[in-house]
Amino acid sequence: MHYEKFADGNAKCIEDEIPFELPQGWEWCRLRKLFNICSSKRVLQSDWKEDGIPFYRAREIVKLSEHGEVDNELFISVEHYNELKTKYGVPQTEDLMVSGVGTIGKVYIVKGNDRFYYKDASVLCFQNVNKVIRSEFAKYLLESEFMQSQMHSYSKGTTVDTITISTAMDYLCFLPPIPEQHRIVEKLNELLSFVDTIESDKTDLQKIIQQTKSKILDLAIRGKLVPQDPNDEPASVLLERIRTEKEELIKQGKIKRDKKESVIFKGEDNSYYLKIGNLTETLDDWRIDDIPDSWGVCCLGEVCDYGNCTNVDTKDIPETAWILDLEDIEKDTGKVLQKLTLKERNSASTKHSFHKGQVLYSKLRPYLNKVVLADDEGYCTSEILPLDFNDMVYPKYARYYLMSPTFLKYANYCSYGVKMPRLGTNDGKKAILTVPPLQEQHRIVNAIETIFAKLDEIANALS
């Protein structure tokens with residue numbers, strides 16, 4: 001049985017607190033036996049400076065603990081630091097600075113050349129005056145699951161976790177012999193270095209997976225992902241049919257001819273050009289000169305209602321309706337992270353209505369690459385444009401095209417606004433779209449989804 005003996009001679013059975021058996025030569029103790037725990041003397045906010053001696057809060061200690069360095073924001077004057085050092089003392093080499101508020105229990109070991117002061121209550125100083133525990137081992141101990149569970153169980157504070165000196169002194173901990181502490185630290189350093197290497201390799205692999213997906217889309221929109229079938233109806237027939245139908249609607253007066261109508265043609269040099277009014281520009285940046293003969297080229301505005309949205313006031317939207325916001329879409333993947341109703345979202349701004357099968361394109365910050373294929377009807381923020389391709393282009397192919405590096409490059413180049421860049425309606429309409437035969441669009445989508453599923457399996461295994 002385990003007992004704890006107090007200064008007055010009384011003893012108390014603490015068997016219920018002992019979570020596991022220790023190796024021979026190890027001992028249970030309270031944290032007060034290992035450290036003198038203290039906080040700093042208060043420094044008034046009016047004494048904070050823009051340069052001088054670093055003044056650390058809990059957030060800086062967390063960063064120092066995790067990265068060994070920090071871009072500090074607050075300082076105190078050298079004179080003030082020297083005054084505090086003389087009157088009260090400052091952190092010494094091998095002391096442990098522990099974050100006591102918010103992200104609690106992160107530890108930074110004071111180095112020999114450190115000069116800093118710290119915020120009272122926000123940071124605790126564990127003074128290693130007895131030298132019965134090696135500081136490196138103490139850091140591993142304090143950041144272990146065993147000690148962290150005590151910190152969170154006994155933390156105070158109504159809104160954020162807070163460690164107090166009185167509770168910290170009573171934490172139950174254990175102490176191996178000094179030589180064994182050295183061996184444990186040596187082995188942990190070795191193993192954690194190996195873990196860091198694995199994490200770094202995992203990050204590199206995840207980047208490669210994303211780059212591979214981007215390359216797959218690039219190949220797909222140039223006709224290099226799947227072979228062409230000579231039996232497919234050429235895309236030129238589809239595009240000519242679209243243009244004929246449009247001319248008929250203009251003739252009937254149902255739609256008006258666009259004053260800035262764009263025309264794509266091949267020049268004598270066999271390169272593609274875009275003509276808008278009297279302005280002609282080359283399409284070399286789109287790299288479409290080598291697309292298959294069965295493919296066609298058009299402007300995005302020719303095959304979808306780009307920018308033609310139906311605005312709906314929120315008072316006219318049912319509480320159970322799906323409301324899609326930008327934060328609900330994962331960048332680069334087109335995955336919807338969450339589906340919230342109007343009642344759950346409590347939004348008051350005007351929305352765009354959309355229906356199942358439409359491509360939902362985020363014109364705000366296009367570099368985030370947020371493009372979704374709607375699987376149900378709903379309403380979205382006005383920063384998202386619902387695009388209806390009306391069976392002229394397979395929506396899944398259109399979605400992948402809008403996510404391709406070629407379209408991303410164009411959208412980012414044309415975006416206006418510094419803090420909140422957007423792709424304008426006119427620029428969106430005149431964006432170039434390479435159009436495979438309709439049957440090939442389906443084969444391309446199937447190939448993309450098959451490859452992406454395999455890549456996602458690898459990514460999921462890594463995480």
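A salt bridge is taken here as a side-chain nitrogen of Lys or Arg within 4 Å of a carboxyl oxygen of Asp or Glu. The model is predicted, so that local features need pLDDT of at least 70 and side-chain atom pairs count only at pLDDT 80 or more, whereas totals for chains, interfaces and linings use all residues. Residues are numbered from 1 along each chain as its sequence is written, and side-chain values use heavy atoms, with hydrogens and water left out.

The structure holds 27 salt bridges. In one of them, R443 pairs with D232, the closest N and O atoms being 2.8 Å apart; because R443 lies in helix α13 (residues 438–462) and D232 in the loop between α6 (178–220) and α7 (235–251), the pair ties together parts that are 211 residues apart in sequence. Helices (H or I, at least four residues) and strands (E, at least two) are DSSP runs, numbered from the N terminus. D232 is buried, at 9% relative accessibility, while R443 is partly exposed at 27%, where buried means under 20% relative accessible area, exposed over 50%, and partly exposed in between (1.4 Å probe, protein chains only). A further salt bridge joins E143 to K139 at 3.1 Å, and K215, D218, R222 and R287 are linked in a network of such contacts.

An open sheet of 5 strands shows mixed pairing in the order β16-β19-β22-β17-β18, two strands being paired if DSSP finds at least two bridges between them. Its edge strands, β16 (311–312) and β18 (340–341), each pair on one side only. Strand β17 (residues 322–324) runs antiparallel to β18 over 2 bridges, with W322 opposite T341 in β18.
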